[in-house]
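Work through the exercises below with the model open beside you. Try each task before you read its solution.

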Amino acid sequence: MKNIVKQRLLVNCGRLLVLVVILGGTELGIRYGVLSRLFFSSPSEIFVAFEAQWAKGSFLPDLGITVFETLLGLAAGSLAGMAVGLLLPQLRLVSHVIEPFLMVLNGIPVIVIAPLFILWLGLGLASKVGISIYIVFFAMFIPVYTSSLRLDRTLVDALRVMGATRAQIFWKVVVPSSMPSVYTGLKIGSGLALIGAVIGEFVASRAGLGHMILYASGTLDTPSLYLGIIAIAIFAALLSLTVDALGPLLVPYRFSDEK
Amino acid sequence: MLEFRNISFSFTGRRDTIEVLRELSFGCRENEIVAVIGPSGCGKSTLLSLATGLRKPTAGQVLIDGRPVDGADPRLGMLFQQSTLLPWRSVVENVELGLEIRGERKGPRRQRAIALMRQYGLAGFERKYPHALSGGMQKRAALLQTLAIEPKVLLLDEPFAALDAQTRVVIQNDVVKICRAGKRSMVIVTHDISEALSMADRVVVLSRRPATVKEIYDVPFSREAESVADAPAMPGFADYYKRIWNALDISIGGMNAAA
Ligand SMILES: Nc1ncnc2c1ncn2[C@@H]1O[C@H](COP(=O)(O)OP(=O)(O)OP(=O)(O)O)[C@@H](O)[C@H]1O
Ligand SMILES: [Mg+2]
């Protein structure tokens, strides 16, 4: 017991140390001219850039827009991927017909299809949300679809013997047994939702963290570039933590012995 | 109560047809336990699936109370060879599943399930997930799920194969008592000659595929023994064991020769 506490303390101290070395190293490296100002920025410079962006009144909107695009893309893409992944196996014929099309669509790299979304939906939020939905859809659809195809037939047979209707089998077996895959889909999708939003902003945009990064890169404003990266990294980490926390809600039986 | 009348069944594959059952007839009366024993792969599970309505015989009829089976029959309950407990439901929710499918209200069905669990040694495990139960307890929960709908005809497919010897005897005893108390008809598929002799009133021996009825033995042990555990010590038991063994035509010499 004591050992575990000790070890945890040690690990946290180690982590703190790594952070201090990185921050202190870049701070000192820049100050004494060891690191190039073009390629690196010190924490203090990044903070100054943050103040400047804040003063301009563009930081919060940029952040908010990217967060909004990502969350909307994640939610809508996941719901769509889940719905199609669950319903398609119920319609054998339709599923056979459209499966190859979906697989080909899924194979297209998102960066290639992004300009099309800009063309369709314009420079604003809609195109970014669209791109995000597009990749999240497949991240959710593929695991859910394959898991519903590989549904445990004995469970279905057991319910049929008890006289269950198709709808009862769908809600009592098909949907719950897809939940582990939904969880997997959410985990993969949450990362991809952010990628989709930022790629959209890279291709063409007027705002968002992607826009800020691209602009900073174009004007050789290295500290703002780092600021954008750090903001995205923190958001990505928080998003991933949130999705992990959904596990006990989606698949409680994997986390606990008791309902 | 349950009657197989001149049943034939074949699986039609893409290339070939596998004849599994050939003109097979036997019945199971009210308050009677029939054990079906036969070589692995001869078609015992297939035979049960014909009674549940999950499959239709190629020729012949399965009758319950003189009426041909057509789809799921509310008078029939089946305990599958594999576990059919839903992992995302607590044990009590699994036990009441059959009643839930029939549209029984939550209050009464929960009461019934809890009462059954009390009666059969699962009190205190109502809220647990199936994975938190031992193998024997899981089997018992599955059995209670089948019993909760009070079937007149009970089909058990190798129900005790995975249990340790002690648990096995306890559950075998329970099952026999349940069958007698409710004046049910019970068909139990097994590989175990002792189990067949100690539980059943009649033992049906099937031949290799395509399966036909090879022999039917009327055996007295189940009714005369105090408990399932006492049956093997009764006079005549070894005799029947030998006769069934011979009827099964298990050629140990042949196996050695092949190896
Ligand atoms: N879905 C299927 N399609 C084609 N053939 C099948 C199918 N299911 C079973 N069979 C074949 O039918 C035969 C009977 O299978 P079944 O499961 O009824 O045997 P069993 O007597 O229950 O065997 P065991 O004692 O090992 O459980 C087997 O030879 C098997 O290969
Ligand atoms: Mg079988």
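**Ground rules and contacts**

In chain A, 72% of the contacts with a separation of 6 or more are made by residues 24 or more positions apart. Contact means heavy atoms within 4.5 Å.

This is a predicted model, in which local features need pLDDT of at least 70, side-chain atom pairs count only at pLDDT 80 or more, and totals for chains, interfaces and linings use all residues. Residues are numbered from 1 along each chain as its sequence is written, chains are lettered from A and ligands numbered from 1 in the order in which they are written, and side-chain values use heavy atoms, with hydrogens and water left out.

**Exercise 1. Describe the fold of chain A.**

Step 1. Take the secondary structure. Helices (H or I, at least four residues) and strands (E, at least two) are DSSP runs, numbered from the N terminus. Chain A has 11 helices and zero strands.

Step 2. Check the dimensions. The radius of gyration, taken over C-alpha atoms, is compared with a globule rule of 2.2 Å times the number of residues to the power 0.38. For 259 residues a compact globule would come near 18 Å, but chain A has 23 Å. Along the principal axes, the C-alpha atoms of chain A fill a box of roughly 75 × 60 × 30 Å.

Step 3. Look at burial. Buried means under 20% relative accessible area, exposed over 50%, and partly exposed in between (1.4 Å probe, protein chains only). Of the 259 residues in chain A, 41% are buried.

**Exercise 2. Locate the domains in both chains.**

Step 1. Read the bounds, which come from an automatic or database domain assignment. Chain A is given domain 1 (1-35) and domain 2 (42-258). Chain B is divided into domain 1 (2-75 + 155-256) and domain 2 (85-150).

Step 2. Count the contact residues in chain B. Domain 1 of chain B supplies 11 residues and domain 2 of chain B supplies nine residues.

Step 3. Do the count for chain A. Five residues of domain 1 of chain A touch four residues of domain 2 of chain A, by the contact rule.

**Exercise 3. Which residue in the loop between α9 (209-218) and α10 (222-250) of chain A deserves a look?**

Step 1. Go to L220(A), which lies in that loop.

Step 2. Read the backbone. Phi of L220(A) is near 55°, a positive value in a residue other than glycine.

Step 3. Classify the residue. L220(A) counts as exposed because its relative accessibility is 59%.

**Exercise 4. Examine two loops of chain B.**

Step 1. Start between α6 (165-181) and β8 (185-190), where K183(B) is found. Phi of K183(B) is near 50°, a positive value in a residue other than glycine. K183(B) has a relative accessible area of 43%, so it is partly exposed.

Step 2. Move to the loop between β9 (202-206) and β10 (213-218), which holds P210(B). The peptide bond from R209(B) to P210(B) is cis, with omega near -5°.
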